[in-house]
Amino acid sequence: MRRHFAAIGRFLTLLLLSLLVAGRPVLAQDSDPQILRDTETEAFLADIAAPMAKSAGLAPGALQVVVIADPEINAFVAGGQTIYINSGLILAADNANEVEGVIAHELGHIEGGHVPLQNQGTRPAGRILLLSLLAGIAAAAAGAPGAGLAAFGAGSTIAQSHVLAFSRADEGSADASAVRHLNDAHLSGKGMISFFGKLKQEEYRLTPADYTIDPYAQTHPMTADREAALDADLEKSPWWNAPQDPAKQARFLRVKAKLAGYVQDPITTLRKMPESDQSVPAHYARAYAWHRAAYPDKADAEADALLRTAPLDPYFNELKGQILLENGHPKEALAPLRIAVAQSHQAPLISALFGQALIATDDPANFAEAETVLKVSVDKDREDPLAWYALGAVYAQRGDEPHAALAAAERYAMNGEDALARTNAERALLGLKTGTRDYLRAEDIAVTSRNNMDSRYGKKK
C-alpha cells in the first residue's frame, strides 16, 4: 500500500509541477458566487469600514467586506458579520464616500439582525470559487488568464433569486442606522445620496416604458422614497460638508482601476484609459488589460511605469511579479515578489504568489523557501485554495505523503468536496504522528466531512 501510494505521490508531483510551471487551468467552474480576492482591495475596504463597524458595536477586525464577481449594482449580507459587495457596485461608484454609504447601510442590516439568505448564504467558502485579482488570474498553481476569464464568465452574473430581498421595513431600518454609522465615523452622507441617484437610474433602466411600478409590491422601498426620507437627516449632520480624504480617494481609484482592468473586456478598458492618461489608476487598469489580452511586453511596461512612481510599493511589485510569472519568467519574478512580501508584512495572498513562483522555477533549491512562505500564507489565511495546492506540491515533491494529503484535504474541505476531503484526511492520518497539531487537524477534517456526507445523503445503516 505504501509503495503504491508513493508511486501516486511521484505522479502527482510531476503533474502538479507541470501545472505550476506551465500555468495550465485547474479552475472549478459553477454557478455559485465567486469571490474576488486581492490584498490591496481587502485592506482598503477593511480600513474604510472599521470606524463604521465600531459604531455598529462590532469587535475590531470582526467585519469582513467581500467583493463578489457580479456586474449588477448590489450589496448584501448573509448572516454573520460579512458584507458582500458586487464588483459592479464598485465600478459604478465615483468615490470612496459612495462605497462608505453602502457599507453603512449594510451594517444596519447586520446590527438589526436582518438575515436575508439564511441557509442559502454564500458561506461556507467551499461553495465559492476563490479567485484572486492578483494571485488567481493565472497564478502558477491554478490557471492562465484565459482560464480566469472563463471562470469569471461562468458565474459573473448571479441570478437575483440567489439574493433574497429584505423587507421594506428592514430596508428603512438599515437606512436609519446608516445615518448614525456615518455620523459616528465623522463621514459625510453625500456619497449615500449621490449613490441613490445611480440606483434610480438602474430602476428606470430595468423598468419597461409602459410599466408602472407598484411600490407596495416591492420588497425594497422605492429609491426616490428612500432618498427623500434620508436627505433631511443626512444634511443635518455636522459632517455633511466634510471634505473627502485625498489619500483615501487615491486608494479607491487604484482599487477601482485594477478591478476594471480585471473584470472588463480589455478593449473597453483601453478605450476608457487611453495611453494619453498617465495617471496611476490608468497604468494599473492598462496593465491588467494588456496582460489579459496576452500582450506581456505592454503589460510589463505599464508595471514598470507604476514602479517608477513608487519602487517599493508592495502591490506594484506584486503586479510586476505576477506578469513575469504568468508569462513564463518565474526566476525574474522572484525579485519583485520578495519586495512585495516584505513591504506587505507577509500578506498571505502575496506570500502564496511568491511561493508559487519559487516552485515554478523548477529548482529544488527553492522548494524549502517555498514551503516556508506558503506555510505563512495558510497560517494567516486558510481560505486560499491556490496556497494549499502549491503547498501540497512541495510536500509531494519531497515525498512527504501525509502532509501532501493533508494539504489536499484542506483544499477539498474548503471547496465543499467532502468525499475527497475525507479520503485525503484519512490518508494523512495514516502517516501523521498521533496527537500532533496536524494529526488533530486531519482528524477534524475527516470527522467534519463524514458528518457533512451523512447529513447530506443520510447515514448508512
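User: In this predicted model, what is the bridge partner of Ile35 in β2?

Analyst: That's Ile68.

User: And what makes β1 and β2 count as paired strands?

Analyst: Pairing needs at least two bridges found by DSSP. β1 and β2 are joined by two bridges, so they meet that cut-off. They run antiparallel.

User: Which way does β2 pair with β4?

Analyst: Parallel, over five bridges, with β4 covering residues 82–86. One spot to look at is Gln64, which sits opposite Thr82 in β4.

User: Why is β2 called mostly covered?

Analyst: Buried means under 20% relative accessible area, and four of the five residues in β2 are buried.

User: What makes α18 an enclosed helix?

Analyst: Here 12 of its 14 residues are buried, so the rest of the structure largely encloses it. Among the buried ones are Glu401, Arg411 and Tyr412.

User: What lines the second largest pocket?

Analyst: There are 22 lining residues, with Arg37, Glu42, Gln64, Val65 and Asp381 nearest the centre. β1, α2, β2 and α15 each supply at least two lining residues. By class, the lining has 12 nonpolar, three polar and seven charged residues. The volume of this pocket is about 480 Å³.

Key: Residues numbered from 1 in each chain as written. Predicted model: local features only at pLDDT ≥ 70, side-chain atom pairs only at ≥ 80, totals over all residues. Heavy atoms only, no water. 1 Å grid on protein atoms, 1.4 Å probe; cavity = no way out; pocket = protein on both sides within 12 Å on 5 of 7 lines; lining within 4 Å. Points joined across faces, edges and corners; volume = space filled by probe spheres on them. Nonpolar A, V, L, I, M, F, W, Y, C, P; charged D, E, K, R; others polar. Buried < 20%, exposed > 50% of the residue type's maximum accessible area, 1.4 Å probe, protein only.
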